[in-house]
6 protein chains.
Amino acid sequence: MFFHVQKLINEIVPDEPDPAAANALQEGLGGQFGEMRTMMQYLFQSFNFRGKAQPYRDLIHGVGTEEISHVELIATTINHLLDGSPRYNGKADDIPGKGGETPLEIALNKPGTGSGGGNIHHFLVGAQGAMPVDSAGNPWSGSYVYNSGNLTLDLLYNLMLEATGRLQKCRLYEMTDNKTARSTISYLIVRDQAHENAFAKALETLGVNWGKVLPIPKTDVTKYPEVKKLMDQNLHNQQHHWRLDGSQMAKIFSGSSPTNDGSTLETTDAPPEGVPVTDAPERPEEFSPGLTPELKKMVEQIASM
Amino acid sequence: MFFHVQKLINEIVPDEPDPAAANALQEGLGGQFGEMRTMMQYLFQSFNFRGKAQPYRDLIHGVGTEEISHVELIATTINHLLDGSPRYNGKADDIPGKGGETPLEIALNKPGTGSGGGNIHHFLVGAQGAMPVDSAGNPWSGSYVYNSGNLTLDLLYNLMLEATGRLQKCRLYEMTDNKTARSTISYLIVRDQAHENAFAKALETLGVNWGKVLPIPKTDVTKYPEVKKLMDQNLHNQQHHWRLDGSQMAKIFSGSSPTNDGSTLETTDAPPEGVPVTDAPERPEEFSPGLTPELKKMVEQIASM
Amino acid sequence: MFFHVQKLINEIVPDEPDPAAANALQEGLGGQFGEMRTMMQYLFQSFNFRGKAQPYRDLIHGVGTEEISHVELIATTINHLLDGSPRYNGKADDIPGKGGETPLEIALNKPGTGSGGGNIHHFLVGAQGAMPVDSAGNPWSGSYVYNSGNLTLDLLYNLMLEATGRLQKCRLYEMTDNKTARSTISYLIVRDQAHENAFAKALETLGVNWGKVLPIPKTDVTKYPEVKKLMDQNLHNQQHHWRLDGSQMAKIFSGSSPTNDGSTLETTDAPPEGVPVTDAPERPEEFSPGLTPELKKMVEQIASM
Amino acid sequence: MFFHVQKLINEIVPDEPDPAAANALQEGLGGQFGEMRTMMQYLFQSFNFRGKAQPYRDLIHGVGTEEISHVELIATTINHLLDGSPRYNGKADDIPGKGGETPLEIALNKPGTGSGGGNIHHFLVGAQGAMPVDSAGNPWSGSYVYNSGNLTLDLLYNLMLEATGRLQKCRLYEMTDNKTARSTISYLIVRDQAHENAFAKALETLGVNWGKVLPIPKTDVTKYPEVKKLMDQNLHNQQHHWRLDGSQMAKIFSGSSPTNDGSTLETTDAPPEGVPVTDAPERPEEFSPGLTPELKKMVEQIASM
Amino acid sequence: MFFHVQKLINEIVPDEPDPAAANALQEGLGGQFGEMRTMMQYLFQSFNFRGKAQPYRDLIHGVGTEEISHVELIATTINHLLDGSPRYNGKADDIPGKGGETPLEIALNKPGTGSGGGNIHHFLVGAQGAMPVDSAGNPWSGSYVYNSGNLTLDLLYNLMLEATGRLQKCRLYEMTDNKTARSTISYLIVRDQAHENAFAKALETLGVNWGKVLPIPKTDVTKYPEVKKLMDQNLHNQQHHWRLDGSQMAKIFSGSSPTNDGSTLETTDAPPEGVPVTDAPERPEEFSPGLTPELKKMVEQIASM
Amino acid sequence: MFFHVQKLINEIVPDEPDPAAANALQEGLGGQFGEMRTMMQYLFQSFNFRGKAQPYRDLIHGVGTEEISHVELIATTINHLLDGSPRYNGKADDIPGKGGETPLEIALNKPGTGSGGGNIHHFLVGAQGAMPVDSAGNPWSGSYVYNSGNLTLDLLYNLMLEATGRLQKCRLYEMTDNKTARSTISYLIVRDQAHENAFAKALETLGVNWGKVLPIPKTDVTKYPEVKKLMDQNLHNQQHHWRLDGSQMAKIFSGSSPTNDGSTLETTDAPPEGVPVTDAPERPEEFSPGLTPELKKMVEQIASM
């Protein structure tokens, strides 16, 4: 059974909207190596887990539960990057498009309009909100989920998956300096490294010695200022278990790091404090939520009960 | 942020394995109107929610969080239905297939082997475990998720979605009397009705009067013995919010049922007690978890720490 | 603009239901070389037609319009083949599944139930009705439609497409002797030959001489009794234009057949007489149409106005 | 059986080519909520209709037949928006690209070429013509078609589908003021509202009272000048049945509008007059139709017979 | 540049046709972890290889070239398993289906016909020949190909890929004892192990020590009689480079095995001798090759030139 | 069995990187009518070939083997077009992105950055390398492969396929004058014509006379300077068989051209000389190959053995 607290797992720094960056971040949400995939893969692996090796199951499930919060974080980040049609300053009661205006012109990526590199579906199918697709517009597919049932193989795949996620996020970091995008990209670079550590450590308990190949990509991400701050908090060596009824994850995620860099892994009992979720503004030009003054009054009456 | 307790939301009744029923239940897991879809749709709708109508957001998010537990329940049910290669009685240390044996012959659905109607991927790609596909083998797709951003429209879609889910589960009920399958099918018939009530009631607050068309399908499911038991507990009129930090869901999910049958909706503060998860047996013929005696000893040592 | 008459383009002969044959016929409906594809391909080619060669456009559009009626025919044929759950004899007001019965057991394709080779979606997603998928369950895709804009190439593709359709229908003929299936398969074998003739003749007007390779497959289908009847009516050499405002199709579809068999092509001014559509029975076990006695009375009142 | 008249259901106003707007309009043609989908969904629902409620079947089939003409209209509109490679002024007998020229440079969406936001497939795979894909390039899929067989549920889905279509077209209106695009977008806004009315009214006959939530989105589209003209003709309250042999649609589509705005629904016996289809110009740079002078002479001879 | 010799890389043992086993083997051909995927993945990785580490490139390319021959082998094996419609004994000049016969009835997987578990497309779309799909009928997808460009990561993925391939082939071994199927399954079990060794050894050169986890699955396949024969030839420790112009593969694929079992890797300079390809019989019931006596004579004249 | 020589089948002319042209060329690699498709289609047709008409099998297989080299050529061309992040001048040991820099900004296609029309996946998922997708980002699909088993039909399809490939390459020629792109486009225009000739000639041996419709498109490509050079070498009338053990292809591919232009077909015994493959540069900003100085030393040691 799963529970929820309406807080984000990390802070999103405010900056200007940027539909092209929003589109790029979709890879981290709905891409083949994004958060929806890690979430579903680890949940399926733990639901289908065979045998009595509970610490391994708890490790996989614990990371999987964290990934749901990552989906929440990156979806919200994309929303912030999309929010707002630059030329639309109408009041809520206005009719967007009245008199033939084009407040959503930005969606078309036409030259000369200051737009480009965005996904038109963000404006046309969604209401300036995140979608379960990748940065090339392909919908997420269940065929991404890998669950062979063989423990060694599943752990090996998971390690590769986190390393690829981290690789792609490092590339995303180099694509945009928008602070909103960067705050979430940097956080995920660090967390992907923690998850690399988790699966590499589990394989180490089965006898593999990783030498000096980890983490992948083998680059000093403390050169990225936003990442350095989080590394200084040792966030890449920590893992919370997200279990209200306790977890055996610490039997694996502890001791020396499998990167053989001399650092130490630590399973935390307390979850992060979390960051409050803010209300997203209404967008009349998207008809979202699209209530008439009359319907709005009915909704407000419900809310004030 | 999301949290987990390793319990199932409802009990799974034991019965014989049945790969054809397992395949049929995949529709409820990875089908276009299955639990992965409701889960993702409601999570996206709440992550992308616009405006200040918190009770509506809490309602959608609350149902969405419950759906993650439904995914967990139905995946585990499918596992139980798949578990076991009938002719394989080898010990764990045996080599399955040794001497040319065919302990997985059942996977081929060949005439004369007592098998048929199953999905070969359950045995060949997975290790007798659930997969994110539907009953015709199509992988789940992100294109299923509907999130227009328009509140009325999203609620209308959600009502239709739950009604279709309930319709398909009633059809599934008529396809198999396997007790394992039935226990979960019956539970989901009742919960889908609760969710129909949730979204229909939300539309009622916006002024729609549903007359006598709900629930859909319009059939007396108390004629199904397994369902009747759950209806007698009023489970179709109750909804827990799954929020550790409180919820405003009750402002909508309360008062007279939108089915206009005289019953009353109730938001519960306490979650269901839950049912402990049992360990799934090792399956040497699937090489799952596939540890050698030597590796197994290492794993056991970790577990006993 | 398109218009409709509620008649079928050919008669469907009654026979026993046969879900496996129904599934096979899906290839002719929603397969890569089925009627939905020919219909959409020819409609797109005529909507996008360039230049002033009206007889060619009329030829393509005329065949395309006929294909809509083929979609109607084959969908209805599949319905007839699916109709009825053999063990269900309940009255309309009964609750199917009451007391735990399994009237839809046939859907699972389990050994020992007399079923096999069907598509479970026909019973679980649809209500024993046709679907836009092929015989392996793949949904129809827009990527099938070919429209290069180059007239020679489009005609060449269309010829290949009709020949492949005819090839697959000859194979379907060899798979089942169900009379319902055979009546439509045989009709389509003959019509596909007429359409082969249409596109081959158009290429002949551009200078190609087909020698003796047509029709493809090069087999004497008059050995198929149901087909012979239709060939005796010369149906493979006739083409109606389906245009209420006249057509220039006859400028191409006339004169000697491009098969060089000595026969003559003929464009007809009058459409076939058509066959009345019969009402499909209600299926309470599918909750289709699923009206309560009360709702049914309301519907009947509307109908009797 | 289906018939055709070579006229468009509404006029397309001439304006400059605009490949980005053409791409956006693809959502209305081949998108999940576009015209190909409504067309196929309603045709399947009527082919598979169960029971004797003929007025309901006629309503669904009538709207479905109109949708084929919408596919024709929007495909033709996209053609007009795509037509022409701005730098190509060659004569028909020229060789496009001769001497190394790049008359199709526009297709690449490169900065500095005045292009952007288009779909390269419009120029590379098609010949500046419409394709069965959405605005993000995804091909249309048979998995879009919904046909549960349950009448209430199918009507509810259809209402939601039309409302989503109208929502997307309102958003499209705000994206472009190209007159060619606008003429068809505006027409479809109004017709989608008529179809919302059709399915909402059918549900009203089953007892639902929609209060004030319709139409969706709840916005005053008479503020859009092009839409106002059509609303002034009451086009949103009218529906023709498109049946050459009569229809019982009027038993439902008549009386007070389900929007409860005091207006009255009207089923018309006469179809719209229609607008003649014009020949699309040859495009040598696309090799469309691509006939040599010699082949062209042969084609002209056929046409002049 | 690539070259071909018309020989198979391993012998296919004759046995009875078995459409269900043919379908199962499709996973090894067109599945997510089958030979088409390894072939394409390694070819793309070598075409896109960055830097000067030629031995690594040669290793990847060498294995990739071998995979093309595996595609050839497994496709031909599937052909042998499919070949022949049991009830069809007609002569070549007969018309299959004449008089209403059903020589392809086997394709429908109907109960009571002795068929089941096959893919109808093998008979309906193909002519009893292999297809680029998996055992659940999903077409092969380019999204399977993994090529991050990061050498460590690509090698890690390739190791996982070969291990999964070997896991699935061990499961296939347990599903069927058909000798035709088994001969190719057993060969691929051994070759997948050789390829595991190749990529694991390459990672070993970068510092990883695999301990005792390899090969995956960790099972003694010499208990499979057909496999034992090939292991006795040390085929799992040998690798040919398939390069006509020499290769640096041996710099990696040599020395102690990364499985740490004491065995030694060996790069061979000479390719396997190969096995002649036999002509597949004509299948009149599939219209394959479908030549009339007249056309056949023309073909024979060409062949005898 | 297949063999490899590390040479390209034609020379790639150096020019500036051009991500938009790279994306366009993807159609020729992973598109529905691109080289991966021709390669797989002809390989499947020859693996599944029925009957004794060896010259026809050799013709299809020979062209299919050439296509693997075309995949190699076009993938390498795309690599050259993608190579290099314009603003990145870091040394190999630098950390790309250090201090918050954005060396991969070009990937986003944002206005004002000088980029546009590219596929972000080329930079984010791949490492500035080719991918198995088309120019709209759709992954290659096994459903593209056509292999009916009917010889006439397969040849007809293949002719249409090559003609479509040539059509698309002529359109690509008109889209870009980048010399790198043009060198490969021009070569493929000529080779597609040779392959049109191959399949058209094979159909001619079965009795078809093509008159003057070939090649398609019917345009004088000698007006394209880069193409003229290759035509002057008669490359469109030559075909090598790529068989180390001899081939009967020449029995078909010889004599007068099926285009009836008076030219003569010629099967060559010697393959083209080929062009050496150059090393692609390391790309630190892509972490490709991503070796640390320490790991690089280990790799160099291996290479120098």
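By what turn and what shift along the axis can chain A be laid on chain B? In this predicted model, a turn of 180° with a shift of 0.0 Å along the axis places chain A on chain B with an RMSD of 0.0 Å. That is the relation of a two-fold axis, and the same surface serves both copies, since 100% of the contact residues of chain A recur in chain B. In general terms, two copies of a chain are related by a rotation about an axis and a shift along it.

The interface of chain A and chain B is made by 89 residues of chain A in contact with 89 residues of chain B. The size of an interface is often given as the accessible area lost when the parts come together. For chain A and chain B this buried area is about 7,500 Å², with 60% of it on carbon and sulfur atoms. Within the area that chain A buries against chain B, A:Met1, A:Phe3 and A:Arg50 supply 14%, more than any other three residues.

Four salt bridges are counted between chain A and chain B, and in one of them A:Asp279 is joined to B:Lys52, with the closest N and O atoms 3.7 Å apart. Between chain A and chain B there are also 47 residue pairs in polar contact, both residues being at pLDDT 80 or more. The elements of chain A that give two or more residues to the side touching chain B are strands E1 (2–4) and E2 (7–8), together with helices H2 (35–47), H3 (54–82), H5 (151–175) and H8 (293–303). Of the side of chain A that touches chain B, the largest share, 13 residues, comes from H3(A). By class, the residues on this side of chain A divide into 47 nonpolar, 28 polar and 14 charged.

Strand pairing likewise links the two chains. Strands of a sheet pair through backbone hydrogen bonds, either parallel or antiparallel. Here E1(A) and strand E1 (residues 2–4) of chain B pair in the antiparallel sense over three bridges, and the bridge partner of A:Phe3 in E1(B) is B:Phe3.

The interface of chain D and chain C was examined in the same terms. The contact takes 89 residues from chain D and 89 residues from chain C, and the two chains bury about 7,500 Å² between them, 60% of it on carbon and sulfur atoms. In chain D, the residues that lose the most area to chain C are D:Met1, D:Phe3 and D:Arg50, together 14% of what that side buries. Four salt bridges are found across the interface of chain D and chain C, including one in which the side chains of C:Asp279 and D:Lys52 meet at 3.7 Å, N to O. The count of residue pairs in polar contact between chain D and chain C, both at pLDDT 80 or more, is 49. H3(D) gives the most to the side of chain D that touches chain C, with 13 residues. Strand E1 (residues 2–4) of chain C runs antiparallel to E1(D), to which three bridges join it, and C:Phe3 has D:Phe3 as its bridge partner in E1(D).

A further sheet was examined within chain F. Three strands of chain F form an open sheet in the order E3-E5-E4, and the pairing is mixed. Strand E3 (238–240) and strand E4 (255–256) of chain F stand at the edges, each with a single partner strand, so one side of each is left without a neighbour in the sheet. E4(F) pairs with strand E5 (residues 264–268) of chain F in the antiparallel sense over two bridges, and in E5(F) the bridge partner of F:Ser256 is F:Thr264.

Methods: Residues numbered from 1 in each chain as written. Chains lettered and ligands numbered in written order. Predicted model: local features only at pLDDT ≥ 70, side-chain atom pairs only at ≥ 80, totals over all residues. Heavy atoms only, no water. Contact = heavy atoms within 4.5 Å. Buried area = accessible area lost by both parts, 1.4 Å probe. Polar contact = N/O pair within 3.5 Å; in protein donor to acceptor, adjacent residues only side chain to side chain. Helix = DSSP H or I, 4+ residues; strand = E, 2+ residues; numbered from the N terminus. Pairing = 2+ DSSP bridges. Least-squares fit on C-alpha atoms with pLDDT ≥ 70 in both. Nonpolar A, V, L, I, M, F, W, Y, C, P; charged D, E, K, R; others polar.
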